[in-house]
Amino acid sequence: MAIPFFRKGPQPQEPASGNKSGARSGKGDPSTSTLDFTQGDARALALAAGKIHVDELSDADHPAVEEAAILFANANDEAAAMVLEAALDEGGSSNETLWNMLFDLYRLTGRREAFDQRGVAYAEQFGRSPPIWSDADDAAKAPKPSSRDATPSVSLTGTLGAAVGPQFEQISKIATKAGKLRIDLGKLRGADEAGCEVLVHGLQNLRRARVSVTLLNARNMLPMIEGHAVQGRREGQAIWLMVLELLQALAEADRFEEVALDYAITFEESPPSYEAPPADAVAKAKESPTASIPSLELVPIEEESASFVMEGELTSAQADAIRKLARYGADRTTVEVDASRLKRMDFVTAGNLFNVLVQFQAQGKLCVFRGLNAMVAALLRVMGVHQVATMELRRI
């Protein structure tokens, strides 16, 4: 795995002769180099020491910002505090970034007395009230964003068959409690009559329970089954009904009425009535299918929350947090991250995060971090995260 680092500083001079394959081009544009993290933390940090330029930071940043941020990321809290204190005492007292980092560092490490002492100096420097102490654990104790309004979502993959019946029953129980459900058909690669029967009956039962159901990527499934609905061929009734479900999700009223008439003629019974779906549900039903997954899989329901939560201390041993963020953002155009309970992030994790954010940016996604403490924010700036995502700091 390799991560690129943006560099704003002067470009290295190209050698007058010899191999120039490693030289960069694109004069005037941010250039990138790469850093391989596959050799482990120590190896990566050693490489980083020779590849990262201090001049990545903006003019407003003090050199101590990067040093303290990396020390803190490596859990060297005392050394980080000494760097910030020395910077403030030796000419940097007008730099609010240093103050914010030091106050947050005191708070994160429980140093209330030092916090109050520096508060007096802060008031003298800026002529306004100093920050008010709050325990770092207060944020952790704060209630997480409510999932009351979340919509349970399920993605059907592979070939839809009778085997999904038990799983769909479980899904229906959860959806009934939530009052709504989203079913993504974009990864389906096939469907038989038994699978259609499970889905049709499941949808009918959910409607009777007044559960709002949205079918996503209905356009992907329709061609798989509509050829089996032939007027006069009295077979595959569940497939006929599934075709009507899909046409309704796609808001294709005229086509729905044609198939409904053929259904009535073929089975000599009344077809379901057409009910126009909400406009936003139609747009989602018409979305293009996503990547192929060849095996049958009913993805477990995930609660959709308004933001992705990062909390505690994220280290390279907890790489799953970054993978979860990648999955969370896969189907979103705006990725909001609640970092108000995030205390610390190590260097390797920040690098992995940067890689994910670069992919988000390349896909046109907007990523916003909210509630960052000043120490983590400084590290993310060092890594270039501010160039691929919006960063909002917590109020001290």
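The protein chain exposes about 20,200 Å², of which carbon and sulfur atoms supply 49%. The structure is a predicted model. In this model, 42% of the 396 residues of the protein chain count as buried. The secondary structure of the protein chain comprises 15 helices and ten strands. Among contacts in the protein chain with a separation of 6 or more, 74% are between residues 24 or more positions apart.

Four strands form an open sheet in the order β7-β8-β9-β10, and their pairing is parallel. Strands β7 (308–314) and β10 (390–393) lie at the edges, each pairing on one side only. From one strand to the next, the twist averages 20 degrees. Helix α13, residues 320–329, packs on this sheet and touches β7 and β8. The direction of α13 makes about 170 degrees with that of β7. Within the sheet, strand β8 (residues 334–345) and strand β9 (residues 366–372) run parallel and are joined by five bridges. Val 337 has Phe 369, in β9, as its bridge partner.

Helix α15 covers residues 374–383 and is mostly covered, with nine of its ten residues buried. The buried residues of α15 are Ala 374, Met 375, Val 376, Ala 377, Ala 378, Leu 379, Leu 380, Val 382 and Met 383. At the start of this helix, Asn 373 places a side-chain oxygen within 2.9 Å of the backbone nitrogen of Met 375. Just after α15 comes Gly 384, which takes a positive phi of about 90 degrees.

Helix α10 comprises 13 residues, 237–249. At 1.5 Å a residue, α10 should span 18 Å, and this agrees with its end C-alpha atoms, which are 19 Å apart. After α10 comes Ala 251, with a positive phi near 60 degrees.

Methods
Residues are numbered from 1 along each chain as its sequence is written. This is a predicted model: local features need pLDDT of at least 70, side-chain atom pairs count only at pLDDT 80 or more; totals for chains, interfaces and linings use all residues. Side-chain values use heavy atoms; hydrogens and water are left out. Buried means under 20% relative accessible area, exposed over 50%, partly exposed in between (1.4 Å probe, protein chains only). Helices (H or I, at least four residues) and strands (E, at least two) are DSSP runs, numbered from the N terminus. A polar contact is a pair of N or O atoms within 3.5 Å; within protein, one must be able to donate a hydrogen and the other to accept it, and residues adjacent in sequence count only if both atoms are side-chain atoms. Two strands pair if DSSP finds at least two bridges between them. Axes are lines fitted to C-alpha atoms, for helices over the stretch in contact, and angles run from 0 to 180 degrees between N-to-C directions. Contact means heavy atoms within 4.5 Å. Accessible areas come from the Shrake-Rupley method with a 1.4 Å probe; for residues, only the protein chains shown count as cover. The expected span of a helix is 1.5 Å times one less than its number of residues.
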